[in-house]
Amino acid sequence: MVGGVGAISTRPIPVVDPDNRFLYHVLAYGSAMRYGVGVGRAGFAWTGNAQIGMKRRWPRWVPPREMVERDPRAREWVNGQPGGPDNPLGARALYLYAGGQDTLYRIHGTTEPLSIGKNASSGCIRMMNEEVIDLYNRVQMGTKVVVLEY
């Protein structure tokens with residue numbers, strides 16, 4: 001637990017601090033759970049407010065069209081990769097929505113644990129699989145998520 005993070009809240013919310021590469025699950029009375037994360041590399045960062053619009057266990061990954069165009073590894077999965085231990089979304093995914101629309105950004109697990117603490121993703125927030133499972137179990141659909149500016 002980390003004391004004094006964020007404003008006092010009666011509803012727990014995740015707050016992503018991309019500069020320091022942490023996600024704080026801010027709890028009531030100013031305390032928080034802190035998780036290390038990997039964030040978007042230069043040109044791929046997303047910031048703003050969203051809500052958790054969908055939650056998935058062992059999610060299927062469908063790379064966005066732009067990723068398929070620039071990344072030969074993603075082309076193999078243009079029609080989607082089934083969930084499982086080799087899937088880049090890892091064990092769990094929280095889908096971020098804004099204004100009722102899917103932002104295409106996620107908080108998810110990873111198959112690349114060495115990317116945690118780095119600017120390595122195409123914009124999504126990566127977590128260790130055991131930690132994203134913990135967060136997944138703590139948050140509800142509709143929970144507000146804040147991603148701070150870099």
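These questions and answers cover the nonpolar cores and salt bridges of one predicted model.

Residues are numbered from 1 along each chain as its sequence is written. In this predicted model, local features need pLDDT of at least 70, side-chain atom pairs count only at pLDDT 80 or more, and totals for chains, interfaces and linings use all residues, while side-chain values use heavy atoms, leaving out hydrogens and water.

Biologist: Which residues touch the most other members of the largest nonpolar core?

Modeller: A nonpolar core is a set of buried Ala, Val, Leu, Ile, Met, Phe, Trp, Tyr and Cys residues joined through side-chain atoms within 4.5 Å. Buried means under 20% relative accessible area, exposed over 50%, partly exposed in between (1.4 Å probe, protein chains only). The largest core has 22 residues, and those touching the most other members are Leu23, Leu94, Leu96, Ile107, Met127 and Leu135.

Biologist: Which element gives the most to this core?

Modeller: Helices (H or I, at least four residues) and strands (E, at least two) are DSSP runs, numbered from the N terminus. Elements supplying at least two residues each are β4 (31-36), β6 (48-57), β7 (92-98), β8 (101-108), α3 (129-138) and β11 (144-147). The top contributor, with three residues, is α3.

Biologist: What does Leu23 contact, leaving aside its neighbours within four places in sequence?

Modeller: Contact means heavy atoms within 4.5 Å. The partners of Leu23 include Ile107, Met127 and Leu135, which are also listed among the core residues that touch the most other members.

Biologist: How many residues make up the second, separate core?

Modeller: Its members include Trp61, Ala74, Tyr95 and Tyr97. The size of this second core is seven residues.

Biologist: How many salt bridges does the rule count?

Modeller: Side chains of opposite charge can pair when their charged atoms come close. The rule asks for a side-chain nitrogen of Lys or Arg within 4 Å of a carboxyl oxygen of Asp or Glu. The count is six.

Biologist: Where do Asp134 and Arg138 lie?

Modeller: Their closest N and O atoms are 2.9 Å apart in a salt bridge. Asp134 is partly exposed at 25%, and Arg138 is partly exposed at 40%. The two residues are four apart, about one turn, in helix α3.
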